[in-house]
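Please read it alongside the sequence and the coordinates.

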Amino acid sequence: MRAKSLSLVLLAASVLAGGCAGGQGGQPQAGDTRFVAGDGKMQVFDVAERKPAPHVEGPTLDGSTASLAAHKGKVVVLNFWASWCGPCRAEAPVLKEVAAKTKDTGVQFLGVDFKDRQADAKAFERNEQTGYPHIFDQPGKVALAFQGTVPPAAIPSTLIIDKQGRIAARALGAVKYTDLYTTVTKVRDE
């Protein structure tokens, strides 16, 4: 019995150390191995290899509706996050700063709150004041639409959608300011 308890403690510690894990109801529990860690580095796809982004639309945290189609002809930065995810909280100021710096240059940011409680997500957004809309995707349908490009449970994840609606770049894990800003401006200037 003692070995079993030690194994459970070690498993829980490894999950918590490995990335986003939560202890709130409705969120991943210790031992949930579906989450994929990443290093946050941007992977840019050659123009000829870019695939169209799927249809994305949903209710936002402020009660309206947001979609990728509403930003046709613009570069869109799509960020998957959750309030219970430590790396998501750590990257929030980077996303906010790059969003503010690029907003007037044809770039739109759109958050996708994934597998979260709405009250927790709203509190996170009130605290961070990102300045861009966030789709509330508690069931993970938006994330599943990107399966093949982004593992459905890899959060945080960031995608850059080009002006033609194709997936131009992605990062799995918390993004760094320089990587995100450089890639966004490169895609914007294509």
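1. Both faces of strand 5 are covered: Val107, Phe109, Gly111 and Asp113 on one side, and Gln108, Leu110, Val112 and Phe114 on the other, are all buried. Here, buried means under 20% relative accessible area, exposed over 50% and partly exposed in between, with a 1.4 Å probe and protein chains only. Eight of the eight residues of strand 5 are buried, so this strand is largely enclosed by the rest of the structure. Strands (E, at least two residues) and helices (H or I, at least four) are DSSP runs, numbered from the N terminus.

2. This is a predicted model, in which local features need pLDDT of at least 70 and side-chain atom pairs count only at pLDDT 80 or more, while totals for chains, interfaces and linings use all residues. Residues are numbered from 1 along each chain as its sequence is written, and side-chain values use heavy atoms, with hydrogens and water left out.

3. Six strands form an open sheet of mixed pairing, in the order 1-8-7-4-5-6. Its edge strands are strand 1 (43-44) and strand 6, each of which pairs on one side only. Two strands pair if DSSP finds at least two bridges between them.

4. Strand 4 and strand 5 run parallel and are joined by seven bridges. Among the partners, Val76 is bridged to Gln108 of strand 5, and Leu78 to Leu110 of strand 5.

5. Strand 5 also pairs with strand 6 in the parallel sense, over four bridges. Gly111 has His134 of strand 6 as its bridge partner, and Asp113 has Phe136. The chain passes from strand 5 through helix 3 to strand 6 in a right-handed β-α-β crossover. Right-handed means that, with the strands pointing away from the viewer, the path from the first strand over the helix to the second runs clockwise. Strand 6 (residues 134-137) is likewise covered on both faces, with His134 and Phe136 buried on one side and Ile135 and Asp137 on the other.

6. Helix 2 (residues 86-102) has 17 residues and reaches 25 Å from its first C-alpha to its last, close to the 24 Å expected; the expected span is 1.5 Å times one less than the number of residues. A kink of about 35° lies at Ala92, shortly before Pro93. This bend is the angle between axes fitted to the seven residues ending there and the seven starting there.

7. Which residues of helix 2 are buried? They are Cys88, Glu91, Ala92, Val94, Leu95, Val98, Ala99 and Thr102. Their cover includes strand 4 (75-81), strand 5 (107-114), helix 3 (118-128), strand 7 (157-161) and helix 5 (177-188), where contact means heavy atoms within 4.5 Å.

8. Ala143 belongs to helix 4 (residues 141-145) and is buried, with a relative accessible area of 5%. Ala143 and Phe80 are 63 residues apart in sequence and 7.6 Å apart in space, C-alpha to C-alpha.
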